[in-house]
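Welcome! Take a moment to look over the sequence and the 3D structure below, and then let us walk through them together.

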Amino acid sequence: MLRLPIFILLIMWIQPAWSAVTFSAGNSILASNASVSTSTPTDTGLAVSLSGYTGDALVVSSFSGQKSNNSDPITASYRLAYNGGVVGLSRSRIISKSSAAAGAGSSVGIASIVDATDITLQHSRIGSPSLETLAGSTLSVIPLTSGGTTLNHSSASVTTGASTSSTSFSPVATASAFTVPAVHADTSEIFIMASFQVAVSGIGLPPPGQGTWKLQVSVFGSGIWTDVGNQMQREISTDSGIATLVGLADLTTADDYEVRLVHASDGAATLSTTNVDLVAVSLSIDETSYLQSYEADTIGSTGASLSVPVDTDMQVFAATSITADSTTNATGTYLLNHNDGTTLNLMSSSTREVNNPDLGSVALSGIVSVAAADTNTLELSVNSNNLTFSSDTNFVAFGLTSVPENSSIAWVTGFFALLLVLKRRHYKRS
């Protein structure tokens with residue numbers, strides 16, 4: 001009978017060495033205001049290329065804009081552009097209020113890109129004066145494949161959207177089913193983001209109408225939909241606006257899933273949700289690894305702080321959909337910062353005018369490189385005492401380097417020594 005040494009049997013039992021996968025992303029933040037005085041889409045100055053990469057990428061931009069002066073209203077339009085085409089859909093908003101700084105929004109999509117070609121955020125305007133896209137606007141591009149490993153994903157772009165005058169929620173857009181390959185410590189996440197255009201009709205102005213939106217997830221074919229994160233509300237006039245919703249869906253089983261955006265009216269007006277881009281990305285990679293996620297459980301009126309502990313140096317992507325509230329008619333800037341324990345660094349900012357008792361939509365997003373040795377937090381704040389955060393705000397993040405499942409065992413041999421490394425699950429709530 002063959003007898004093998006114990007250390008050989010142990011090595012045969014232990015899984016092969018686990019190797020991290022890094023999805024190396026690109027990020028750009030606008031350093032100064034960019035102006036446009038034409039109806040032709042023009043680059044804002046935000047541009048990202050992923051050198052050496054060919055494949056699908058998650059593209060996210062958050063921005064704010066203002067009129068160059070307080071005269072006539074303008075229609076401001078934004079789109080993501082790549083290789084002469086458009087990523088997702090264009091969206092427009094009317095900037096008509098007395099204050100020059102009035103508009104905020106986002107764009108999101110899945111782009112099939114080729115090595116070293118820029119993805120850009122473009123803007124245009126109809127009317128006079130000119131449109132200024134403000135400093136602090138951002139563009140992030142995350143490859144969805146690295147070293148042969150792909151993050152499963154899905155998307156939907158719906159131009160006509162849907163209309164409703166009901167206070168009951170109804171679907172606007174649904175992304176096709178995709179697979180979440182595994183759960184880790186009894187849970188896995190899907191990152192979901194929607195950007196869309198909104199307007200109301202059939203109401204005397206003032207006052208404006210109010211719309212409410214939710215993200216939902218369902219096991220494919222089950223017909224049972226579960227809310228994801230907090231709903232988002234905003235006041236809307238007949239002038240079109242742009243709204244954003246982000247969330248992390250918590251899952252307990254590996255399966256095929258669908259995600260969707262739903263909306264409801266306040267019952268006093270007909271709500272239209274159009275030009276919808278909806279994306280979903282599984283943060284579970286396979287049975288052995290996943291992308292670590294983070295989510296703020298509570299948002300205070302003045303903001304939130306989200307702890308982001310990491311086990312190795314990596315990039316972290318963060319996104320927030322803010323329901324902006326006000327105590328009086330006010331304009332201010334919402335801020336997303338990274339605090340490494342010593343220095344506060346701006347990741348994204350967005351300027352918004354909110355009139356009391358209106359509710360507005362603000363998006364912030366960006367990527368930061370964090371060091372494992374630092375005490376890392378992501379911080380939301382606003383620079384006006386008259387502007388606040390509604391509790392409807394969602395604030396999420398995820399790392400771009402994979403971490404191992406708890407049951408995965410990494411081993412290092414050196415003079416027949418073995419090192420057992422156990423990782424904690426994710427830091428889901430903060």
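Is Phe-398 buried or exposed? With a relative accessibility of 2%, Phe-398 counts as buried, where buried means under 20% relative accessible area, exposed over 50% and partly exposed in between, with a 1.4 Å probe and protein chains only. Before we go on, please note that this is a predicted model, in which local features need pLDDT of at least 70 and side-chain atom pairs count only at pLDDT 80 or more, while totals for chains, interfaces and linings use all residues. Residues are numbered from 1 along each chain as its sequence is written, and side-chain values use heavy atoms, with hydrogens and water left out.

Now for the whole chain. The protein chain has 430 residues, and 55% of them are buried. Among contacts (heavy atoms within 4.5 Å) between residues at least 6 apart in sequence, 81% join residues at least 24 apart.

Rings of Phe, Tyr and Trp (its six-membered ring) pair if their centres lie within 6.5 Å; planes under 30 degrees apart count as stacked, over 60 as edge-to-face and the rest as tilted. There are six aromatic pairs by this rule. In one of them, the ring centres of Phe-191 and Phe-317 are 5.7 Å apart and the planes stand at 85°, so this pair is edge-to-face. Phe-191 belongs to strand β16 (residues 188-201) and Phe-317 to strand β25 (residues 314-326), 126 residues apart. Both Phe-191 and Phe-317 are buried. Phe-317 also pairs with Phe-398: their centres are 5.4 Å apart and their planes at 55°, so that pair is tilted. Since Phe-398 lies in strand β31 (residues 394-399) and Phe-317 in β25, the pair ties together parts 81 residues apart in sequence.

Next, find an open sheet of four strands, in the order β24-β29-β26-β27, with antiparallel pairing. Two strands pair if DSSP finds at least two bridges between them. β24 (304-307) and β27 (344-354) stand at the edges with a single partner strand each, so one side of each has no neighbour in the sheet. β24 pairs with strand β29 (residues 377-382) over four bridges, and Ser-307 has Thr-377 in β29 as its bridge partner.

Technical notes: Helix = DSSP H or I, 4+ residues; strand = E, 2+ residues; numbered from the N terminus.
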